[in-house]
Amino acid sequence: MIQPVSNRNFVSARVAAIPPSGIRKFFDVAATMPDIISLGVGEPDFVTPEHIREEAKASLDRGKTGYTSNRGLAELRILIASDLSTRFGATYHSEDEIIVTTGVSEAFDLAIRATVDIGDEVIIPEPSYVCYAPCVSLAGGVPVHVPTHDTDGFAISASAIEAAITPRTKVIVLGYPNNPTGGAVSRADLQAIVRLAVQHDLLLVSDEIYARLVYDGWTHTCVASLPGAWDRTILLNGFSKAYAMTGWRLGYACAPHHLVEAMMKVHQYGMLSAPTMAQYAGIEALRNGEPDVQAMLAEYARRRTLIVDGLNRIGLRCARPQGAFYVFPDITGTGLTSDQFATRLLHDEHVAAIPGSVFGPSGEGHVRMCYATSTAHLEEAIDRMARFLGRLPLAPVATGDGLGVEAASLPSPTTRTPTEKLGRVTK
Ligand code: PLP
């Protein structure tokens with residue numbers, strides 16, 4: 001007999017309460033445009049270096065097609081430990097203080113699910129990567145956002161974090177160099193946050209996926225290497241960005257043994273092990289991939305200059321970020337919200353950028369643009385944006401001193417360049 005149609009939709013309350021990613025709607029529209037220039041997706045435009053791809057193929061040919069240890073291949077963990085120690089001064093035993101994961105995405109989820117109880121508060125400076133807050137909510141925790149501000153380059157201070165600490169606080173999430181702003185945090189500021197964590201007995205979860213992508217001689221500080229941090233830090237990193245390996249799904253979590261064991265419980269039941277051929281590729285990346293990282297980094301540095309200079313030239317004030325491959329220009333002078341700006345730019349000029357509000361309320365007034373795309377695309381995107389800005393109706397614009405300028409006091413739009421129209425200063 002046919003059963004009656006169910007009226008239940010079966011979706012859990014926790015999942016129902018989570019908003020869909022604000023990024024997705026842009027990709028759905030962008031996918032329909034053949035001449036799209038996407039500055040939206042946060043991934044390298046480079047194909048994974050050939051020798052890394054070849055090593056993965058060779059592993060398949062050697063018949064390495066089964067599961068690995070839940071922790072990941074021992075050889076890979078040894079290389080990860082050695083890389084972290086020589087590069088960043090963070091020391092982990094490869095046998096029991098590292099888990100290889102399916103990207104930093106899984107590593108973050110493990111870190112949160114293994115440590116957060118229902119109602120525990122997790123401090124997340126924002127704007128921040130879009131997965132942090134939903135993962136906390138899915139684990140039954142409460143995300144507590146700490147705003148950062150454009151006026152000081154979205155810097156995060158220990159005092160701002162301290163103001164958000166309550167008796168329910170358990171974890172502070174750090175993600176530097178930052179997605180979406182590209183900003184990095186100095187060693188002294190990180191040390192102050194570590195001191196705070198010690199004082200209030202809190203765990204630090206540090207997502208350092210952009211640690212290798214820093215510019216102008218900036219030295220990345222690994223949170224776990226700071227005095228007082230190691231035994232209260234879960235360090236996350238991976239291969240997606242530095243080695244152009246987003247599709248391989250390879251990352252890792254490092255922590256004191258008892259925290260790794262807790263994460264292992266979630267990992268072994270939820271994931272079992274990271275993809276085997278990706279792990280062999282990771283071994284090759286760590287052994288022989290440094291010249292590739294350096295070459296890609298040099299190219300990103302060139303593109304960063306191109307986009308920062310280009311945006312400032314056309315009238316969108318844009319800081320020069322120290323890390324990652326994002327810029328986060330100020331669009332307040334257009335009089336549009338970040339969602340309006342990104343939607344209209346996409347429809348009018350077929351350039352995809354992500355509204356800053358997607359990354360938290362403090363991201364409003366900005367859009368995120370990823371410059372991991374070709375020089376030709378970046379130049380064309382800037383031309384299209386200049387055209388877009390030139391067509392915008394008059395709007396009150398902010399000047400460099402923060403004072404509003406009435407539209408009526410500006411010259412006619414037909415005779416103005418976008419830069420003049422927006423009256424922006426650069427920084
Ligand atoms: N963490 C940050 C800050 C990211 O920007 C991203 C991807 O954009 C991830 C984690 C996800 O990394 P993975 O590809 O290793 O899962």
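Let's begin with a pair of helices: α4, covering residues 74-88, packs against α10, covering residues 276-288, at an angle of about 35°, and their axes are 9 Å apart. Keep in mind as you look that this is a predicted model. The crossing of α4 and α10 is left-handed. Where do these two helices touch? On the α4 side you will find E75, L76, L79, I80 and D83, and these meet Q279, G282, I283, L286 and R287 of α10. Sorted by class, the residues of this contact are five nonpolar, two polar and three charged.

Now step back and look at the whole chain. The domain assignment divides the protein chain into domain 1, made of 13-42 + 292-422, and domain 2, made of 50-288. Notice that domain 1 is written as two stretches of the chain, whereas domain 2 is written as one. Taken over C-alpha atoms, the centres of the two domains are separated by 28 Å.

How many residues bring the two domains into contact? On the domain 1 side there are 32, and they are in contact with 31 residues of domain 2. Helix α11 (290-314) and strand β9 (326-327) each supply at least two residues to the side of domain 1 that touches domain 2. The largest share of that side, seven residues, comes from α11.

Next, find the ligand. It is surrounded by 13 residues, and the closest of them are G103, V104, S105, N179 and S240. Which helix gives the most to this shell? That is α5, residues 103-115, with three residues. The shell around the ligand has three nonpolar, nine polar and one charged residues.

Finally, turn to another helix pair, α12 (residues 338-349) and α13 (residues 375-391). Their axes come within 10 Å and cross at roughly 110°. Angles of 65 to 115 degrees count as roughly perpendicular, and α12 and α13 are therefore roughly perpendicular to each other. In this contact, L345, D348 and E349 of α12 meet R384, M385, R387 and F388 of α13. By class, the residues here are three nonpolar, no polar and four charged.

Terms used: Residues numbered from 1 in each chain as written. Predicted model: local features only at pLDDT ≥ 70, side-chain atom pairs only at ≥ 80, totals over all residues. Domains from an automatic or database assignment. Contact = placed C-beta atoms within 7 Å. Helix = DSSP H or I, 4+ residues; strand = E, 2+ residues; numbered from the N terminus. Axes fitted to C-alpha atoms, helices over the stretch in contact; angles between N-to-C directions. Left-handed = near helix turned anticlockwise from the far one by under 90°. Nonpolar A, V, L, I, M, F, W, Y, C, P; charged D, E, K, R; others polar. Near = placed C-beta within 6 Å. Parallel < 35°, antiparallel > 145°, perpendicular 65-115°, else oblique.
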